[in-house]
Structures are given as C-alpha cells and as structure tokens.
Amino acid sequence: STQRVVLRVAGMSCHHCVATIEKALYALPGVQGVKIDLAAKRVEVLFAPERVSTGDIRHAIVDAGYEVQGVL
C-alpha cells in the first residue's frame, strides 16, 4: 500500500535545494515518489508505510538542512 504525506518545508530557495531534498528522501527505503513545489514550500512524498514512517521522512529533510514546519 502507498501513503502520501505533504509537508511544509522552510529554507528551500533554489533547484539545488530541491535536488538535495530529493536525494535525501530517495535514499530512504520505501520512498516511491517525491514532488516538490519550491514556490509553495511543499514537499509531497509517496511512500510504503510498512518500510518507512513520516518521522523518518521528516528526519531526512531536517538532516539535509531544512526546517519541516508541519504537515499540510
């Protein structure tokens, strides 16, 4: 089964930021898709909940140097 979470992320300002976050998220087991809207500061992640949690996803973004402000 696939779940979807949409997070509000601060600190993203350019396409390098997008690439950094995508790389961090795709490194997690169970992440199946990442869609980032730079202007809206939205990060949408499709994932397999039996393999990865929303907490893991949040930590990966924070570890990459960005601030997760909440779930949309």
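This is a predicted model: local features need pLDDT of at least 70, side-chain atom pairs count only at pLDDT 80 or more; totals for chains, interfaces and linings use all residues.
A crossing of two helices is left-handed if the near helix is turned anticlockwise from the far one by less than a right angle, and right-handed if clockwise.

**Entry 1**

I began with the crossing itself, and helix 1 passes helix 2 in a right-handed crossing. Next I looked up who makes the contact: Ile21, Ala24 and Leu25 come from helix 1, while Ile57, Ala60 and Ile61 come from helix 2. I sorted these residues by type and found 6 nonpolar, no polar and no charged.

Then I turned to the geometry. Helix 1 covers residues 15-26 and helix 2 covers residues 54-63. They pack at an angle of about 140 degrees, and their axes lie 9 Å apart. Helix 1 is therefore oblique to helix 2, because the antiparallel label is kept for angles over 145 degrees.

**Entry 2: the whole chain**

I stepped back to see what surrounds the pair. I found 2 helices and 4 strands in the chain. What order do they follow along the sequence? I read β-α-β-β-α-β.

For the overall dimensions, I noted that the C-alpha trace spans about 30 × 20 × 15 Å along its principal axes. I also checked the radius of gyration: a compact globule of 72 residues would have a value near 11 Å, and the chain has 11 Å, so the two agree.

How much of the chain is buried? I noted 39% of the 72 residues. I looked at contacts too, taking those with a separation of 6 or more, and found that residues 24 or more positions apart account for 62% of them.

**Entry 3: Cys17, in helix 1**

I went back to helix 1 to pick out Cys17. Is Cys17 buried or exposed? Its relative accessible area is 6%, so Cys17 is buried, the limit being under 20%. Not counting residues up to four places away in sequence, Cys17 touches Gly11, Met12 and Tyr66. I also took one distance: Cys17 and Lys35, 18 residues apart in sequence, are 13 Å apart from C-alpha to C-alpha.

**Entry 4: Lys41 and Arg42**

Lys41 is in the loop between strand 2 (31-37) and strand 3. What did I want to know about its backbone? I looked up phi of Lys41, which is near 60 degrees, a positive value in a residue other than glycine. Lys41 has a relative accessible area of 28%, so I put Lys41 down as partly exposed.

Arg42 belongs to strand 3, which runs over residues 42-47. With a relative accessible area of 30%, Arg42 is partly exposed. Which residues does Arg42 contact beyond its neighbours within four places in sequence? I listed Arg4, Val6, Leu7, Met12, Lys35, Ile36, Asp37 and Leu72. I followed up on Leu7: Arg42 and Leu7 are 35 residues apart along the chain, yet their C-alpha atoms are separated by 5.7 Å.

**Entry 5: Thr54, in helix 2**

Now the other helix of the pair. Thr54 has its place in helix 2. Leaving aside neighbours within four places in sequence, I found Thr54 in contact with Val5 and Phe47. Val6 is 48 residues from Thr54 in sequence, and their C-alpha atoms are 9.8 Å apart.

**Entry 6: Val68, in strand 4**

I finished with strand 4, residues 67-71, where Val68 sits. Its relative accessibility is 13%, so Val68 counts as buried.

Where do its contacts lie, once neighbours within four places in sequence are left aside? I found Val68 in contact with Leu7, Arg8, Val9, Arg58, Ile61 and Val62. Ile61 was already in my notes as one of the residues from helix 2 that make the contact with helix 1.

Technical notes:
Residues are numbered from 1 along each chain as its sequence is written. Side-chain values use heavy atoms; hydrogens and water are left out. Axes are lines fitted to C-alpha atoms, for helices over the stretch in contact, and angles run from 0 to 180 degrees between N-to-C directions. Angles under 35 degrees count as roughly parallel, over 145 as roughly antiparallel, 65 to 115 as roughly perpendicular and the rest as oblique. Contact means heavy atoms within 4.5 Å. Ala, Val, Leu, Ile, Met, Phe, Trp, Tyr, Cys and Pro count as nonpolar, Asp, Glu, Lys and Arg as charged, and the others, Gly among them, as polar. The radius of gyration is taken over C-alpha atoms; the globule rule is 2.2 Å times the number of residues to the power 0.38. Buried means under 20% relative accessible area, exposed over 50%, partly exposed in between (1.4 Å probe, protein chains only).
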